[in-house]
Amino acid sequence: MTPLITAYLFLTGAIVSEVTGTLLLQKTAQFTRLVPTIGMALCYGLSFYLLSHALKTLPLGIAYAIWGGLGIVLTLIISVTVFKQTLDWQAIAGVAMIVGGVVMINAFSKAAAH
C-alpha cells in the first residue's frame with residue numbers, strides 16, 4: 001500500500017472514532033455515567049492517535065479540514081437518522097458547503113498530498 005492510501009485509512013479511522021466519541025458524549029449525561037464516559041474518552045484518544053499517523057503523510061491543514069468536515073457531516077446524518085433531529089434549509093445549505101469544500105480539497109487541490 002502506498003503511504004498516501006495508508007494515511008487516508010488512518011484518517012478514515014480517526015473520523016469514525018471521533019464521530020463515535022461525539023455520539024457517546026450525549027450518553028455520558030455530563031460525565032455522570034461511567035461506561036459511556038470511558039468509551040467517549042477512548043474514542044477521542046484513538047481518533048487523535050490515528051490522526052497523528054495520518055499527519056506523517058498528509059499536511060495538517062488538509063487532514064484537519066477533512067477530519068472536521070466529514071466528522072460534522074457524519075454526526076449530522078446520524079443525528080437526523082438515529083436521533084430524529086430535524087434540519088432547516090440553512091443547516092442543509094451549510095452542510096452542502098462543507099461537503100463541497102471537502103470534495104474541492106480532495107479532487108482539485110495539489111496541497112492534498114505531500
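## Thr28, a buried loop residue

Thr28 counts as buried because its relative accessibility is 1%, where buried means under 20% relative accessible area, exposed means over 50% and partly exposed lies in between, with a 1.4 Å probe and protein chains only. Thr28 has its place in the loop between H1 and H2, and it touches Arg33, Pro36, Thr37 and Met40 when residues up to four places away in sequence are not counted; contact here means heavy atoms within 4.5 Å.

The model is predicted, and local features need pLDDT of at least 70, while side-chain atom pairs count only at pLDDT 80 or more and totals for chains, interfaces and linings use all residues. Residues are numbered from 1 along each chain as its sequence is written, and side-chain values use heavy atoms, with hydrogens and water left out.

## The chain as a whole

The protein chain has four helices and zero strands, and along the sequence its pattern reads α-α-α-α. Helices (H or I, at least four residues) and strands (E, at least two) are DSSP runs, numbered from the N terminus.

Taken along the principal axes, the C-alpha atoms of the protein chain fill a box of roughly 45 × 35 × 20 Å. The protein chain has 114 residues, of which 30% count as buried. Among its contacts between residues at least 6 apart in sequence, 68% join residues at least 24 apart.

## The largest nonpolar core

In soluble globular proteins, nonpolar side chains tend to be buried together. The largest nonpolar core in this model has 15 residues, and those with the most contacts inside it are Leu11, Ala14, Ile15, Leu51, Leu58, Ile66 and Trp67. The elements that give two or more residues to this core are helix H1 (3–27), helix H2 (34–54), H3 and helix H4 (89–108), and the largest share, five residues, comes from H1. A nonpolar core is a set of buried Ala, Val, Leu, Ile, Met, Phe, Trp, Tyr and Cys residues joined through side-chain atoms within 4.5 Å.

Ile15 is in contact with Ile66, Trp67, Leu70, Gly71 and Leu74, leaving aside its neighbours within four places in sequence.

## H1 against H2

H1 and H2 pack at an angle of about 160 degrees, with their axes 7 Å apart; axes are lines fitted to C-alpha atoms, for helices over the stretch in contact, and angles run from 0 to 180 degrees between N-to-C directions. The two helices are therefore roughly antiparallel to each other, since angles over 145 degrees count as roughly antiparallel, under 35 as roughly parallel, 65 to 115 as roughly perpendicular and the rest as oblique.

H1 passes H2 in a left-handed crossing, and by class the contact of H1 with H2 has 14 nonpolar, eight polar and two charged residues. In this classification Ala, Val, Leu, Ile, Met, Phe, Trp, Tyr, Cys and Pro count as nonpolar, Asp, Glu, Lys and Arg as charged, and the others, Gly among them, as polar. A crossing is left-handed if the near helix is turned anticlockwise from the far one by less than a right angle, and right-handed if clockwise.

## H1 against H3

The axes of H1 and H3 are 9 Å apart, and the helices pack at an angle of about 45 degrees, which means that H1 is oblique to H3. H1 passes H3 in a right-handed crossing.

On the H1 side of this contact are Tyr8, Leu11, Ala14, Ile15, Glu18, Val19, Thr22 and Leu23, which meet Ala63, Ile66, Trp67, Leu70, Gly71, Leu74, Thr75 and Ile78 in H3. By class, this contact has 12 nonpolar, three polar and one charged residues. Thr75 is buried, with a relative accessible area of 17%, and Thr75 touches Val19 and Thr22, not counting residues up to four places away in sequence.

## H3 against H4

The axes of H3 and H4 come within 10 Å and cross at roughly 145 degrees, and the crossing is left-handed. In H3, Ile62, Ala65, Ile66, Gly69, Leu70, Ile72, Val73 and Leu76 meet Val95, Ile98, Val99, Val102, Ile105 and Asn106 in H4. The residues of this contact divide into 12 nonpolar, two polar and no charged.

Val73 lies in helix H3 (residues 60–81) and is buried, with a relative accessible area of 10%. Leaving aside its neighbours within four places in sequence, Val73 is in contact with Val95, Ile98 and Val99. The C-alpha atoms of Val73 and Ala111, 38 residues apart along the chain, are separated by 22 Å.
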